[in-house]
Amino acid sequence: MNFHRLAVFCVCWAVSSSEMQRPEDDPDKDALRYDGFVVLEMTLTSDLQVKLLTDLKEEVRRKEEHGTTTIEEWTGSINKERPFSLLLAPKVAPDVLMLCHKEGIQYEIVWNDLQSVIDLQNAEAVSSSKTDRDDGIAAQTSGMTWARYHRYSTIERYILALPVVHPDLVTIERLGLTYEGRQVWVVKLGKPRSDGIKKPAIWLDAGIHAREWISSATVTFMLNELVTKYTSDPIIRRLVDQVDFYVVPMVNPDGFEFTHQKERLFRKTRRVNPFNACIGVDANRNYDFQWQTERAELRPCEITFGGDFPYSEPENRALFEKVLDLKGDLKSFITFHSHSQLWMLPYGYTFDLTPDDAVVRDLAVNATNALRALYGTVFRVGTSPEILYTSSGTSRDFAKGRTQIKYVYTVELRDTGEFGFLLPAEQILPSGLETFEGVKVIALRIIEEFARN
Ligand SMILES: [Zn+2]
């Protein structure tokens, strides 16, 4: 035990001592504030309303400087099929409200001062980061908890501690450096079979979109459950014995750090775009499968800008090479986002269904039923065009279209828009627990279908 503790500390100090000295709750003094920003939930009933609101949005965004947030979708997208919500800067909100009154558009103000929600999201960090849970030695020695959102330095210390504390179950591998030079890690978790037979594998990743903090917190929680309960929980033992999990806890650490220090609602990577002042590429529009077939993905200042060419982002190159390496072994690929509570199947670029849609959909329904059984949280199942919007060049479409992995999903975690990207830290634990119930269903199916006895 003592040896483990010593070894973990040694590893940590060798990695990022400069980052370790920075207090975790210390955004820069010039961080963007969201005082008076409004979130408006709206219900449209006609094509004319859709057109008027879309035109207003386009007009406002054309005048934007350097991608400043003025108006953007918070939940869903502008449509007349289902309610959606918009994030509005104070200078834009009156114009949108005026349009609502003039056109008889139904709306509800969800938040009228987003900064106050941001201030509260990680409040747990100030009061206490302790729970009565025993999260194990890797978490304890790295300062990792699931009672608050942590900076990348802590997440990285935790990743580095895992193979030291659990050498029989875990190996880690560098996938590559980000644009700003941070390391992207993959954690391989699984007990090697004594007969040497190859196991089916499952891919889990999080944090491709910088502001979606709950995704990384949920995935690291599931990872920690798998390593710490291996000896005590028979289902977890079965999973770890029969499956190899490849887990990338943070795909876009540059963007993630930027959301902590400068701009909480930033989404993209931190690439400087040549000939354009807007920073970043939407890494989840940058894969080379049906790349940039949507209009917004061509413009650098849009939050869904797909880059100048596929795999322009080193974070994506790192991932796609590893996934291709594992082609044949991977039977499921699940990428975690937030928010909206959706369990989405391929594809995003088209309404056409994949040949095995029925079986992939059926498993998603089973997974979300198991998830719901814990706290009653409802996740909708469908393709992205069916239940959210069309999107192209995503990692989900790449995983299905380029590597033919069978069970591919994009999971949009809690909630349905109240807190959205600002989900309070107290919901990390329930999100982790319920999502793990869904993932267990997938993993058990993979064992049933692909593991050799
Ligand atoms: Zn996302």
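The following questions and answers concern a predicted model of a single chain.

User: How many helices and strands are there in the chain?
Analyst: Both kinds of element occur in the chain. The count is 16 helices and 12 strands.

User: What is the radius of gyration of the chain, and how does it relate to the globule rule?
Analyst: The globule rule gives 22 Å for 453 residues. The value for the chain is close to this, so the chain is as compact as a globular protein of that length. Its C-alpha trace spans about 70 × 50 × 45 Å along the principal axes. The radius of gyration itself is 21 Å.

User: Among contacts between residues at least 6 apart in sequence, what percentage join residues at least 24 apart?
Analyst: As background on the chain, 48% of its 453 residues count as buried. Of the contacts in question, the share that joins residues at least 24 apart is 75%.

User: Into which domains is the chain divided, and how far apart are their C-alpha centres?
Analyst: Domain 1 covers 38-112, and domain 2 covers 133-269 + 283-450. The C-alpha centres of domain 1 and domain 2 are separated by 30 Å.

User: Which element gives the largest share of the side of domain 1 that touches domain 2?
Analyst: The contact between domain 1 and domain 2 takes 11 residues from domain 1 and 10 residues from domain 2. By class, the side of domain 1 that touches domain 2 has two nonpolar, six polar and three charged residues. The largest share of that side is three residues, and these come from strand 2 (residues 71-75).

User: Which residue does UniProt list for "active site", and in which element is Glu412 found?
Analyst: The annotation comes from an unreviewed UniProt entry, which lists Glu412. In the model, Glu412 belongs to strand 12 (residues 407-413).

User: Is Glu412 buried or exposed?
Analyst: A residue counts as buried when 20 or more other C-beta atoms lie within 10 Å of its own. Glu412 has 23 C-beta neighbours inside 10 Å, so Glu412 is buried.

User: What is the phi of Ser340, and is Ser340 buried or exposed?
Analyst: Most residues other than glycine have a negative phi. Ser340 is not a glycine, yet its phi is positive, at about 135 degrees. Because Ser340 has 21 C-beta neighbours inside 10 Å, it counts as buried.

User: What is the phi of Gln292, and where does Gln292 lie?
Analyst: Gln292 is not a glycine, and its phi is positive, at about 55 degrees. With 19 other C-beta atoms within 10 Å, Gln292 is partly exposed. Gln292 lies in the loop between helix 11 and helix 12.

User: Why does Thr304 count as buried?
Analyst: Thr304 is placed in the loop between helix 11 (253-261) and helix 12 (314-325). Thr304 counts as buried because its C-beta neighbours inside 10 Å number 23.

User: How many bridges join strand 5 to strand 6?
Analyst: Strand 5 (residues 170-177) and strand 6 (residues 183-189) run antiparallel, and Val170 stands opposite Leu189 in strand 6. Their hairpin has five residues between the strands, and Gly181 there takes a positive phi near 95 degrees. The number of bridges joining strand 5 to strand 6 is seven.

User: With which residues is Val96 in contact, leaving aside its neighbours within four places in sequence?
Analyst: Val96 has its place in helix 4 (residues 93-103). Val96 is buried, with 20 other C-beta atoms within 10 Å. The residues in contact with Val96 are Leu40, Leu56, Leu86 and Leu88.

Technical notes. Residues are numbered from 1 along each chain as its sequence is written. This is a predicted model: local features need pLDDT of at least 70, side-chain atom pairs count only at pLDDT 80 or more; totals for chains, interfaces and linings use all residues. UniProt positions are given in the numbering used here, feature names are shortened, and annotations may be inferred rather than shown by experiment. Helices (H or I, at least four residues) and strands (E, at least two) are DSSP runs, numbered from the N terminus. A residue is buried if 20 or more other C-beta atoms lie within 10 Å of its own, exposed if 12 or fewer, and partly exposed in between; C-beta atoms are placed from the backbone. The radius of gyration is taken over C-alpha atoms; the globule rule is 2.2 Å times the number of residues to the power 0.38. Two residues are in contact if their C-beta atoms, placed from the backbone, lie within 7 Å. Domain bounds come from an automatic or database domain assignment. Ala, Val, Leu, Ile, Met, Phe, Trp, Tyr, Cys and Pro count as nonpolar, Asp, Glu, Lys and Arg as charged, and the others, Gly among them, as polar. Two strands pair if DSSP finds at least two bridges between them.
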